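Let me put the structure up, and then I'll walk you through a few spots.

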Amino acid sequence: MGWRSVFIANPARLSTGGGRLQVEQEGEAASVPLEDLGALVLESPQVSLTVPLLRELAENRVPLFVCDRRHLPCGVLLPFHAHCRQEKVLRAQMGLSRPFAKNCWQRVVRRKILNQAACLRFLDLPGAEELHALASQVRSGDPDQREGVAARLYFSRLMPGRTRDDPTSRNAALDYGYSVLRGALARSLAAHGFLPALGIQHHNELNPFNLADDLLELFRPQVDLWVFRNVSDDDPFSPEHRASLVGLLHRRMEIQGERHTILRGTELCAEGFAAACREKNPDLLALPALISPDG
């Protein structure tokens, strides 16, 4: 599991040699062992790279993100058939019962709301107790839409007087961070043999990452906490902000009482989902918990 993220914001030429990422920029060269890479993000439109590098990134299961004109990640390179039992995993995924999927979604929503409560608490904002109460009300499949009720309460505390649709620096930062984590989750799911397009709750036929979006709900408060501690709407959303959001993959979170990087957490979520599918037991899901950024 890599522990470094590389963010390319300026023109560069990327290649590989000796198991290393080779970067040439403005007449200077640098290199990073591919085994150390957790993610590679290409923001500059003036980046060229070689096919051998793409191959080695895929073989080493390093997600490669490309960004659009707004600097948001718009594509990711994923490993193909990286799991030794791909067909068995896919058959299990496609054969999941609706009750099983609904029970999984109940656990995801409940943990998401608890993480939102923790985020408000760490930001010294009101609303954590109400969110805890909503989390306890989530039923199988969330037919009462506790997730939506919690989201309205949560964002009204995070950004009073504003909405997620407003063109602000914080909203841009949230979108960017979510996109990075979405790609990391898609990479982990593909590496474990899953088809990211087949979700348990999200079922958009035009979305190739429905399953990643299901599990992303668990990680969103990780992004929210960083953004509302570090980004102000009075300042532009800068390349430094974007690089830090990529680096968020190496911040800590907690799963089953142990602390891991968020990137490792995406792996554990994929492993937990695999175990839950195999045993038909939603309790085997690995659900990340938000921890204090100062702890």
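So, Leu 54 is in helix H1, residues 51-59; helices here are DSSP runs of H or I with at least four residues, strands are E runs of at least two, and both are numbered from the N terminus. Keep in mind that this is a predicted model, where local features need pLDDT of at least 70, side-chain atom pairs count only at pLDDT 80 or more, and totals for chains, interfaces and linings use all residues. Residues are numbered from 1 along each chain as its sequence is written, and side-chain values use heavy atoms, with hydrogens and water left out.

Leu 54 has a relative accessible area of 30%, so it's partly exposed; buried would be under 20%, exposed over 50%, and partly exposed is in between, with a 1.4 Å probe and protein chains only.

Now the aromatics. How many aromatic pairs are there? The count is 3, where rings of Phe, Tyr and Trp (its six-membered ring) pair if their centres lie within 6.5 Å, and planes under 30 degrees apart are stacked, over 60 edge-to-face, the rest tilted. One of them is Tyr 154 with Phe 155, edge-to-face, at 5.0 Å centre to centre and 70° between the planes. Tyr 154 counts as buried at 0% relative accessibility, and Phe 155 counts as buried at 18%.

Then there's Phe 194 with Phe 273: the centres are 5.1 Å apart and the planes at 50°, so that pair is tilted. Phe 194 is in the loop between helix H6 (169-191) and helix H7 (210-230), while Phe 273 is in helix H9 (residues 262-279), so the pair ties together parts 79 residues apart in sequence. Both Phe 194 and Phe 273 are buried.

Some rings have a charge over them, too, meaning NZ of Lys or CZ of Arg within 6 Å of the ring centre and within 35 degrees of the ring normal. Arg 121 has its charged end over the ring of Phe 122, 5.3 Å from the centre. For Arg 220 the ring is that of Tyr 178, at 4.5 Å from the centre.

Last stop, strand S9, residues 252-255: Met 253 and Ile 255 make its covered face, Arg 252 and Glu 254 the uncovered one. S9 runs antiparallel to strand S10 (residues 258-261), with 4 bridges joining them; strands pair if DSSP finds at least two bridges between them. Met 253 has His 260 as its bridge partner in S10. The two strands, S9 and S10, form a hairpin with 2 residues between them, and Gln 256 in the turn has a positive phi of about 50°.
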